[in-house]
Structures are given as C-alpha cells and as structure tokens.
Amino acid sequence: MTVPPLIVAPSILAADFAHLADEVRAVEHAADWLHVDVMDNHFVPNLTIGLPVVQSLRAATELPFDVHLMIEDPRRWAPGYADAGAYNVTFHAEACDDPVALAKDLRSAGAKAGLAIDRDTPIEPYLDLLPSFDTLLIMTIKAGFGGQRFIPRLLDKVRAARRHVASGHLELRIEVDGGIAADTIEQAAAAGADAFVAGTAVYGADDPAEAVRRLRGLAERATTGA
Ligand code: DX5
Ligand code: ZN
C-alpha cells in the first residue's frame, strides 16, 4: 500500500447524524481517513457516539477510521475500537497513566496507535514515548466541541514534535484537530503537520468532497512551497 504524503480526515462530528452513512459516502472518494470523535461526557463535557455506531458505520464505507477517543479509562474501551476494525485509535495522554502499554495493546489488536495532546498539555513529557505510537494528535483547540476557533500558538507543539521526529528518524503522523479550515490549514502544514482533521470546514460546505480537495491542495502547497 502506498502511503499518502498528506492525510485529510473529515470529522463526522459536524455531519448530519440522522444520515451518517450518506454523509460518509459524500467524502468517500476525496478523503483519506474518516475521523470519528468519541466523547463520554466525563473526559469532556460533550457526549457523542460509541462503539455500536462505529461498528454499524464500519460496514457502510471503505474509508479507514481514525477514532479519536475523548474518554476516561481508555485502557478499558480503546481495544474494542481496534477489534471493530478502526485503522487508527487515538486516546488522550491526559486520560491514561500508561500510554505505552495501551499503544502496545492497540497494535496487537491490529490498529495503529495514536496519542492525543489537549490544549493545556505540554508535549515535552511525551516525546520519549513516541516510538510506541503511529500517530500524534495535537489539538489546535480545547477538545470537546466542533466549530471552535483555531489557536495558532498551539502549533509550537507541532513544530517541536516535527523536530523530534526528524532528529529521531521516527515514522509518525503528526495530526492536527480543531478549527482546521481554508484559512488555517496552510500554517498547520508549514509547522509540520501531515494529517488534518476538519469537521465544520468539510460538512459545513455545500460540497463536502470539494472542500476536502481544496483543503488538501492548500496543505500540499504549504508543504512543498509551490
Ligand atoms: C473536537 C473534535 C474535533 C472536531 C473538530 O474535540 O476532536 O475532531 O470535530 O471540529 P472543527 O473542524 O469544526 O473544529
Ligand atoms: Zn477529533
């Protein structure tokens, strides 16, 4: 399988939940991953969807699932998403006392392992854990709700992670999530992100597939400097 240089992952949090399968199919040929936000009303105040919805949706699309768990006790729940066929399962550093052990469990369950860093969490304590992970998700908002305004200073964490990845020759996706849109994706790409979650910017558009293509074009341009 060839590895795409950049990943665009529409977040179904901004989709119409009454027509989820149709909403997913609307981006099927434009997106790389489908970003699925799982929230438990404890780790974050919001409540979204869980395993049964992911299982049903898994049968409705070929897109790889990028599951973003904003939940407490991820050691209990995260492997279930790997078993359900998620491509990548990301849990929050703030919610887990042994991230490396859980990453191992996820990988042995056949998924990629992702570590998420919320707005107020510094990245430095986690840099040494990154060889155990496939994806590092750096929030560019405070996790919990879609439609928030992008916080540019959080890109300092992306820059630090990118430097660390380069110096350690790590294979790691650096993903950004929150407020990613046509007016912010270029700065995120220039900072070193290579996977981009976009909810409102995709599902708030008249043509979600076209919105994905446009975002990819902007990110590519910012990366290659073309
Ligand atoms: C929020 C979620 C995001 C959300 C992003 O905590 O993790 O994935 O869907 O939404 P936008 O792109 O609207 O900021
Ligand atoms: Zn998310």
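1. Basis of the note. The model is predicted, so local features need pLDDT of at least 70 and side-chain atom pairs count only at pLDDT 80 or more, while totals for chains, interfaces and linings use all residues. Residues are numbered from 1 along each chain as its sequence is written, chains are lettered from A and ligands numbered from 1 in the order in which they are written, and side-chain values use heavy atoms, with hydrogens and water left out.

2. The zinc site. Four residues coordinate the zinc ion (ligand 2): His35 through NE2, Asp37 through OD, His68 through ND1 and Asp177 through OD, at 2.1 to 2.3 Å. Donors here are N, O and S atoms within 2.8 Å of the metal (3.2 Å for Na, K and Ca); water is not among the atoms, and sites may look incomplete for that reason. Along the chain, the donors of this zinc ion have the spacing H-x1-D-x30-H-x108-D.

3. Asp37 sits in strand S2 (residues 34-39) and His68 in strand S3 (residues 65-70); the pair is 31 residues apart and links distant parts of the chain. Helices (H or I, at least four residues) and strands (E, at least two) are DSSP runs, numbered from the N terminus. Asp37 and His68 are both buried. Buried means under 20% relative accessible area, exposed over 50%, and partly exposed in between, with a 1.4 Å probe and protein chains only.

4. Geometry at the zinc. The arrangement is octahedral because the 6 donor atoms around the zinc ion (ligand 2) subtend angles of 72 to 171°. Six donors count as octahedral if opposite donors are over 155 degrees apart and all others between 65 and 115.

5. The second largest pocket. Its volume is about 260 Å³. A pocket is found on a 1 Å grid over the protein atoms alone, as an open set of points where a 1.4 Å probe fits, with protein on both sides within 12 Å along at least five of seven lines; lining residues have an atom within 4 Å of a point. Grid points are joined across faces, edges and corners, and the volume is the space filled by probe spheres set on the points.

6. What lines this pocket. The second largest pocket has 25 lining residues, and Gly146, Gly147, Gly178, Gly179 and Gly199 lie nearest its centre. At least two lining residues come from each of S2, S3, strand S8 (195-198) and helix H7 (200-203). The most come from S2, with 3 residues. By type, the lining has 12 nonpolar, 11 polar and 2 charged residues. Ala, Val, Leu, Ile, Met, Phe, Trp, Tyr, Cys and Pro count as nonpolar, Asp, Glu, Lys and Arg as charged, and the others, Gly among them, as polar.

7. Thr61. This residue is in the loop between helix H2 (51-58) and S3. Thr61 counts as buried because its relative accessibility is 7%. Its side chain makes a polar contact of 2.8 Å with the side chain of Glu28. The Thr61 side chain also reaches the backbone nitrogen of Leu63 at 3.0 Å. A polar contact is a pair of N or O atoms within 3.5 Å; within protein, one must be able to donate a hydrogen and the other to accept it, and residues adjacent in sequence count only if both atoms are side-chain atoms.

8. Two positive phi angles. Asn41 is not a glycine, yet has a positive phi of about 65°. Asn41 lies in the loop between S2 and H2, and is partly exposed at 42% relative accessibility. His169 is not a glycine either, and has a positive phi of about 55°. His169 is in the loop between helix H5 (155-168) and strand S7 (173-177), and is exposed, with a relative accessible area of 72%.

9. Separations in sequence and space. Lys112 is in strand S5 (residues 112-117), and its C-alpha atom is 6.1 Å from that of Tyr87, 25 residues apart along the chain. The C-alpha atoms of Asn41 and Val8 are separated by 27 Å, at 33 residues apart along the chain.

How values were computed: Four donors count as tetrahedral if all angles lie between 85 and 135 degrees; four count as square planar and six as octahedral if opposite donors are over 155 degrees apart and all others between 65 and 115; anything else is irregular.
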